[in-house]
Amino acid sequence: MKRTVKRILLVAMAALLCLGVFAGCAGTKNIKIGAMPADSNISFFQELAKGMEAAGEAFGVTVDIQYTGRDIEKELSLTQTFISQGYSGLVLETVDSSAITGCLSRAQEADIPMVAVDTVPDKTDLAASTVTSDNYNGGYAAGELMKQLIPEGGKIMMTKFNYSSVAMDDRYKGFEDSIADSNLELVGSIEQDGTREDTLNKITPMLTNYPDLVGIFCSQGDPAIGCLSAVTTAGMQDQVAIVSYDIEDEVAAAIEQGSAIKGGVTQFPYAMGYMSVYETIRAINGEETPEIEAIPVLPVTKDNIAEFKEDATAFLEKYGDYKLPTEL
């Protein structure tokens, strides 16, 4: 009788262990994560989504990808939908550091962990974790690259994103700090909506206003393509050096071709997406997660663009000393 009772207790304990994340029984198979990247039309966000999906496969969880189209109202509605459908955790790449507060508050009220990815929320304490790039040091590295490309100095401009963004502010600050004591003169900036079209329309008249411009720092990849179009149309491609924050496919091709985009600094959206799901799983299981998980941002020029394109994750591991986890 005692042996039977003991056996029952052992079986019960084993069953309870199987409910945990680190046990090899039920594991993570019942976890469902609602993941919301920003824009399905831009390769940066596509890579972010691929990283999310890869982490889901690696750790055996269901990741439901739903793009928000950079629409704040859609961020809110998708968040509410995932909550009402009983998802275990959420990941959101918000368009606005302030507006995400509503989504984070709803998730917190529902006792569902939400991880912010890419854009840092104004209130990081509401998020289970925030996975982002080391944006200040990325901006600083962009400034260092600009100084190398234009050693003689001169007038330069910068593009800015017209939404509230802690990450963007860090990029601007890093860049400005880097060039502060140099012979580069930041004569102005333009605010745009993150698209090449809006950037093209707004940078074109500035080229007329500053015919002696020698450089443009673009705080996103798509605006860099818009600036390239404007500079080329104005016949200033041999005069103006463009540095891009983000090396997306078209930007990489432009660097390889020897265009006015001379280089830039690269984030690693695949790694960000992967780590956002990783931290969400850990939060779901009650593990301690970092308030900010900052992934390195690394410089890329024509000299190393081929190596970066061949395997971005290997590039990150080699030059950023950052390795993606394979176990929880």
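Author: The questions below go from the whole chain to single residues, and the model is a predicted one.

Reader: How many helices and strands does the chain have?

Author: The model is predicted, so the elements are assigned from computed coordinates. A run of residues needs at least four members to count as a helix and at least two to count as a strand. With those limits the chain has 12 helices and 12 strands.

Reader: What share of the residues counts as buried?

Author: A residue is called buried when its relative accessible area is under 20%. The chain has 328 residues, and the share of them that counts as buried is 52%.

Reader: How far apart are the centres of the positive and negative side chains?

Author: Lys and Arg count as positive, Asp and Glu as negative. There are 24 positive and 48 negative side chains, and the centres of the two sets are apart by 9 Å.

Reader: What share of the contacts joins residues 24 or more positions apart?

Author: Two residues are in contact when heavy atoms lie within 4.5 Å. Counting the contacts with a separation of 6 or more, the share from residues 24 or more positions apart is 72%.

Reader: How many aromatic pairs are there, and which kind is the pair of F175 and F217?

Author: Rings pair if their centres lie within 6.5 Å, and the count comes to 11 aromatic pairs. The centres of F175 and F217 are 4.3 Å apart with the planes at 15 degrees, and planes under 30 degrees apart count as stacked, so this pair is stacked.

Reader: Which elements does that pair link?

Author: F175 and F217 are 42 residues apart, and the pair links distant parts of the chain. Both residues are buried: F175 has 0% relative accessibility, and F217 has a relative accessible area of 0%. F175 belongs to helix α6 (residues 166–179) and F217 to strand β8 (residues 213–218), so the link is between α6 and β8.

Reader: Which rings have the charged end of R171 or K160 over them?

Author: A charge sits over a ring if it is within 6 Å of the ring centre and within 35 degrees of the ring normal. The charged end of R171 is 4.0 Å from the ring centre of Y245, and K160 is 5.0 Å from the ring centre of Y172. The rings asked for are therefore Y245 for R171 and Y172 for K160.

Reader: Is S276 buried or exposed, and what does it touch?

Author: S276 lies in helix α10 (residues 269–284). Its relative accessibility is 0%, so S276 is buried. Leaving aside neighbours within four places in sequence, its contacts are M52, V91, V115, V117 and V131.

Reader: Where is D118, and what is its phi?

Author: D118 is in the loop between β4 (114–117) and β5 (129–133), and it is buried, with a relative accessible area of 8%. Most residues other than glycine have a negative phi. D118 has a positive phi, near 75 degrees.

Reader: How far is A38 from D118?

Author: A38 sits in the loop between β1 (32–36) and α2 (43–59) and is buried, at 5% relative accessible area. Among the residues it touches are F45, Y67 and E93. A38 and D118 are 80 residues apart along the chain, and their C-alpha atoms are separated by 9.9 Å.

Reader: Is D321 buried or exposed?

Author: D321 lies in the segment after α12. D321 has a positive phi of about 50 degrees although it is not a glycine. A residue counts as exposed over 50%, and D321 has 73% relative accessibility, so it is exposed.

Reader: How far apart are E152 and D71 in space?

Author: E152 is in the loop between α5 (135–149) and β6 (154–161), and at 59% relative accessibility it counts as exposed. E152 and D71 are 81 residues apart in sequence, and C-alpha to C-alpha they are apart by 42 Å.

Notes: Residues are numbered from 1 along each chain as its sequence is written. This is a predicted model: local features need pLDDT of at least 70, side-chain atom pairs count only at pLDDT 80 or more; totals for chains, interfaces and linings use all residues. Side-chain values use heavy atoms; hydrogens and water are left out. Rings of Phe, Tyr and Trp (its six-membered ring) pair if their centres lie within 6.5 Å; planes under 30 degrees apart count as stacked, over 60 as edge-to-face and the rest as tilted. Buried means under 20% relative accessible area, exposed over 50%, partly exposed in between (1.4 Å probe, protein chains only). The place of a charge is taken as NZ of Lys, CZ of Arg, CG of Asp or CD of Glu.
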